[in-house]
Amino acid sequence: MVPTSIILWLFLVSPFLWYCCMANEEVTCSWKVPMRQRREVISIKDFGGVGDGKTVNTWAFRKAVYRISHMRRIGGTMLHVPPGVWLTGSFNLTSHMTLYLAKGATLKATQDTRNWPLMDPLPSYGRGRELPGGRYTSLIHGNGVRDVIITGEKGVIDGQGEVWWDMWRRRTLRYTRPNLIEFMHSSDILITNIVLLNSPFWNIHPVYSSNVVIKYVSIFAPHDSPNTDGIDPDSSSSVCIEDTYISTGDDMVAIKSGWDEYGIAYGRPSYDITIRRVRGSSPFSGIAIGSEASGGVNNILVEDVSLYNTGIGIHVKTNVGRGGYIRDVTFKNVFMNNVRKGIRIVGDVGDHPDEYFNRYAVPRVDGVNIKDVWGVNVQQPGAIEGIASSRFTRICLNNVKLWGSRNMPWSCRDVTGAAFGVQPWPCAELTTSFSEGYC
């Protein structure tokens, strides 16, 4: 029989212990798309695949996906890629499948750009992001699919982007470069436990999609590789990005929603996006919103992020002609080391798709909360510069410490907001004291 004193102790103390355990439990949004066990497993070898680094396996991957889409096994099918170097061109995925890269498996893109397939431009962009006209299809692509998983034992997807970067530098590109992974009009997508290398363009691009989880992914590209953004949620919702390392040549994470008049007409915002426990470096932005945000961006949470050797730590960027809105955005618990500029929220960034953009389409930026930010070796703490005809409102800084040897001042204009516990002290436009419901 349990003594009465122990029962009393459990009654009084156990709720406290439970609270402590729950407080230490890792917060996550990855439950949005759980890992699924597929009832059927097939191997790329079953379709003639050869992992010798020389044989082109594009046809093998396309045959395997065709078989999965037409057999429609209950519970879906896993396509297993065993150890080896599997050279391939672009291929599509299908619903209810898992692409599994075993330990020691490298899926490597061919560098024969002449045979790379083309596709139409995104309607919210009106043209290729780099050049008028179409764009090259991503290495791994999905359109209108659901319940798709890309995972493995830290298997590698190598875009071999050098040939594409060289064409960009020489200005010999004919169309916009391919992404490494793109999902369009898709839902319930999980990308986890893989390594991405040397993307020709953006690495992971969910566009017009929902319920997307990207977790335990490592993304690498040289810092001089052009436009190799890490993860770009675009006109997408319910996106979870967690526990990921990114070191690339452009923004680590950039939230987008269409480009000028095309994005305004398409009208699909990005919203309900969480970025948590992301680390990395970039010569451009760590965490960015925009500049292509013409469909609107709202309800964004960024927390527990570590940035180093980065151009701009927190970057909210838009421009006249974008239209749309950026609102209800929270950054908290962000650490920076050796960054050129800590915080930049500005309305004069980005180019235009053509001369037909509406010069009266001014964006609205409202409700950006930045708190608990610590930075060392920061050259300039920040700039918050709105648009004369559309002032940025409710820009709130709380407990923001950005230290550097130069002691450069903040730069502000056309903005209203509040600041508390900010060092060095920001500009006069942010001296309003905090009030309940304001920040």
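Just after helix H2, Arg72 takes a positive phi of about 50 degrees. Helices here are DSSP runs of H or I with at least four residues, strands are runs of E with at least two, and both are numbered from the N terminus. This is a predicted model, in which local features need pLDDT of at least 70, side-chain atom pairs count only at pLDDT 80 or more, and totals for chains, interfaces and linings use all residues. Residues are numbered from 1 along each chain as its sequence is written, and side-chain values use heavy atoms, with hydrogens and water left out.

Back to the helix itself. The 14 residues of H2 should span 20 Å at 1.5 Å a residue, and the end C-alpha atoms are 20 Å apart, which agrees; the expected span is 1.5 Å times one less than the number of residues. An α-helix has 3.6 residues a turn, so residues three or four places apart point the same way. In H2 the buried residues are Thr58, Ala60, Phe61, Ala64, Val65 and Ile68. Buried means under 20% relative accessible area, exposed means over 50%, and partly exposed is in between, using a 1.4 Å probe and protein chains only.

A pair of aromatic rings is described by the distance of the centres and the angle of the planes. Rings of Phe, Tyr and Trp (its six-membered ring) pair if their centres lie within 6.5 Å; planes under 30 degrees apart count as stacked, over 60 as edge-to-face, and the rest as tilted. On that basis the structure holds 9 aromatic pairs. One of them is stacked: Phe61 and Phe91, at 4.6 Å centre to centre with 10 degrees between the planes. This pair links distant parts of the chain, with Phe61 in helix H2 (residues 58-71) and Phe91 in strand S5 (residues 91-92), 30 residues apart. Phe61 counts as buried because its relative accessibility is 0%, and Phe91, with a relative accessible area of 1%, is buried too.

Tyr125 and Trp259 make a tilted pair, 6.1 Å centre to centre and 55 degrees between the planes. Tyr125 lies in the loop between strand S8 (118-119) and strand S9 (135-136), and Trp259 in the loop between strand S18 (253-255) and helix H4 (260-266), so the pair ties together parts that are 134 residues apart in sequence. Both Tyr125 and Trp259 are buried. Elsewhere, Trp116, Tyr136, Trp164 and Tyr175 form one aromatic cluster.

Next come the cysteines. A disulfide is a covalent bond between the sulfur atoms of two cysteines. Taking a disulfide as a pair of cysteine sulfur atoms within 2.5 Å, the count comes to 2. Cys29 is joined to Cys240 with an S to S distance of 2.0 Å, and this link is right-handed, with 85 degrees about the S-S bond. Cys29 lies in the loop between helix H1 (4-24) and strand S1 (40-43) and Cys240 in strand S17 (residues 237-247), so the pair ties together parts that are 211 residues apart in sequence. Cys29 is buried at a relative accessible area of 5%, and Cys240 is buried at 0%.

The other disulfide joins Cys412 to Cys427, S to S 1.6 Å. Its link is left-handed, with -45 degrees about the S-S bond. Cys412 sits in strand S24 (residues 411-413) and Cys427 in the segment after strand S25 (415-423), 15 residues apart, and the pair is one that links distant parts of the chain. Cys412 counts as buried at 15% relative accessibility, as does Cys427 with a relative accessible area of 12%.

That segment after S25 also holds Pro424, and the peptide bond from Gln423 to Pro424 is cis, with omega near -10 degrees. A cis peptide bond also joins Gly290 and Ser291, with omega about 5 degrees; Ser291 is found in the loop between strand S19 (270-289) and strand S20 (297-317).

Positive phi values turn up in other loops. His96 has phi near 55 degrees, though it is a residue other than glycine, and lies in the loop between S5 and strand S6 (97-101). With a relative accessible area of 31%, His96 is partly exposed. Asn198, also not a glycine, has a positive phi of about 50 degrees and is placed in the loop between strand S14 (187-197) and strand S15 (204-207). Asn198 is buried, its relative accessible area being 16%.
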